[in-house]
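Student: Hi! I have a new structure to look at and could use a guide. Can we go through it together?

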Amino acid sequence: EALRRFQQEQRLTQQQTDLEQANQNLAALNTVLEQQTHKHTQQLQAALELNQRVIATAQEGIIVWDQDLRYQVWNRFMEDLSGFPAEAVLGRYCLNVFPFLQENGVFELLQRALAGETVFAPDACFNIPETGKSGWSSECFVPLRDSQGNITGVLATVHDVTAHKRAAQEQEQLLKQLSDLKFALDQAAIVATTDAQGRIIA
């Protein structure tokens, strides 16, 4: 009987030792997992902050819409170009913010991008009465996809081509002025080489 009790106590002691060891192993594993999770969280946070800085400082407009065409990204370039701060745009349906997108054809381009097409828009004039901003822009619309290839929204890059357009317009006006001046000089030369009866004297 004493031997049986001793053996039971030994088994209980061993079980308790095994349990304590298992708890220690679990605690060590939990510590490692917490450290890895913290490290990955820091890496993700750093990547997110980098992406945000890149978007914010990009020298072109970056816009993202979700599947319902609500604004998800509106970078600083777009704030400066349009006069609309991000907080006035994000989360809102595109036509509720800029109704003219329906008239100028941009809404159709967004729908084409949602259907899977990459669309390059021709240079277009914009005029925003609410902010007084106007100019010319060139845009490209690309479907956004998740890791499974499903379309989740639309990404647009916007280039401000106002300076280029205005320079081209000024050049066109200058060429017209030069053409008019040449015509006037040609006419003056004809008059200068004829007499009162219109006869050529030189």
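Student: Let's begin with contacts. What share of the contacts between residues at least 6 apart in sequence join residues at least 24 apart?
Tutor: In the protein chain that share is 41%. Contact here means heavy atoms within 4.5 Å.

Student: And where do these values come from?
Tutor: This is a predicted model, where local features need pLDDT of at least 70 and side-chain atom pairs count only at pLDDT 80 or more, while totals for chains, interfaces and linings use all residues. Residues are numbered from 1 along each chain as its sequence is written, and side-chain values use heavy atoms, with hydrogens and water left out.

Student: Thanks. How many helices and strands are there?
Tutor: The protein chain has six helices and five strands. Their order from the N terminus is α-β-β-α-α-α-α-β-β-β-α. Both kinds are DSSP runs numbered from the N terminus: helices are H or I with at least four residues, strands are E with at least two.

Student: How much of the chain is buried?
Tutor: Buried residues are 23% of the 202 residues in the protein chain. Buried means under 20% relative accessible area, exposed is over 50%, and partly exposed lies in between, using a 1.4 Å probe and protein chains only.

Student: What about the surface area?
Tutor: The protein chain exposes about 14,300 Å², and 55% of that comes from carbon and sulfur atoms. The areas come from the Shrake-Rupley method with a 1.4 Å probe; for residues, only the protein chains shown count as cover.

Student: Let's pick a helix. Which residues of α5 are buried?
Tutor: Helix α5 covers residues 106–114, and its buried residues are Val106, Phe107, Leu109, Leu110 and Ala113. They cover an arc of only 160° around the axis, so they sit on the same side of α5. That arc is taken from the directions from the helix axis to the C-beta atoms.

Student: What covers them?
Tutor: The cover for the buried residues of α5 includes β1 (61–66), α3 (94–97), α4 (100–103), β3 (119–128), β4 (133–145) and β5 (151–160).

Student: And what comes just after α5?
Tutor: Gly116 is there, with a positive phi of about 110°.

Student: Switching topic: how many aromatic pairs are there?
Tutor: The structure holds seven. In one of them, the rings of Tyr71 and Trp74 have centres 5.4 Å apart and planes at 85°, so this pair is edge-to-face. Tyr71 counts as buried because its relative accessibility is 2%, and Trp74 is buried too, at 7%.

Student: What are the cut-offs for a pair?
Tutor: Rings of Phe, Tyr and Trp (its six-membered ring) pair if their centres lie within 6.5 Å; planes under 30 degrees apart count as stacked, over 60 as edge-to-face and the rest as tilted.

Student: Which kind of pair do Phe98 and Phe100 form?
Tutor: A tilted one, at 5.6 Å centre to centre with 55° between the planes. Phe98 is buried at 4% relative accessibility, whereas Phe100 is partly exposed at 25%.

Student: Which residues do ring pairs link into a cluster?
Tutor: The cluster consists of Trp65, Tyr71, Trp74, Phe84, Phe98, Phe100 and Phe141.

Student: Now charges. How many salt bridges are there?
Tutor: The count comes to three. A salt bridge is a side-chain nitrogen of Lys or Arg within 4 Å of a carboxyl oxygen of Asp or Glu.

Student: Is Asp66 buried or exposed?
Tutor: Asp66 is buried, at 14% relative accessibility. Arg70 is partly exposed at 34%, and Asp68 is partly exposed at 46%.

Student: What does the side chain of Thr162 make a polar contact with?
Tutor: One partner is the side chain of Asp160, at 2.6 Å. A polar atom of the Thr162 side chain also lies 2.9 Å from the backbone nitrogen of Trp136. A polar contact is a pair of N or O atoms within 3.5 Å; within protein, one must be able to donate a hydrogen and the other to accept it, and residues adjacent in sequence count only if both atoms are side-chain atoms.
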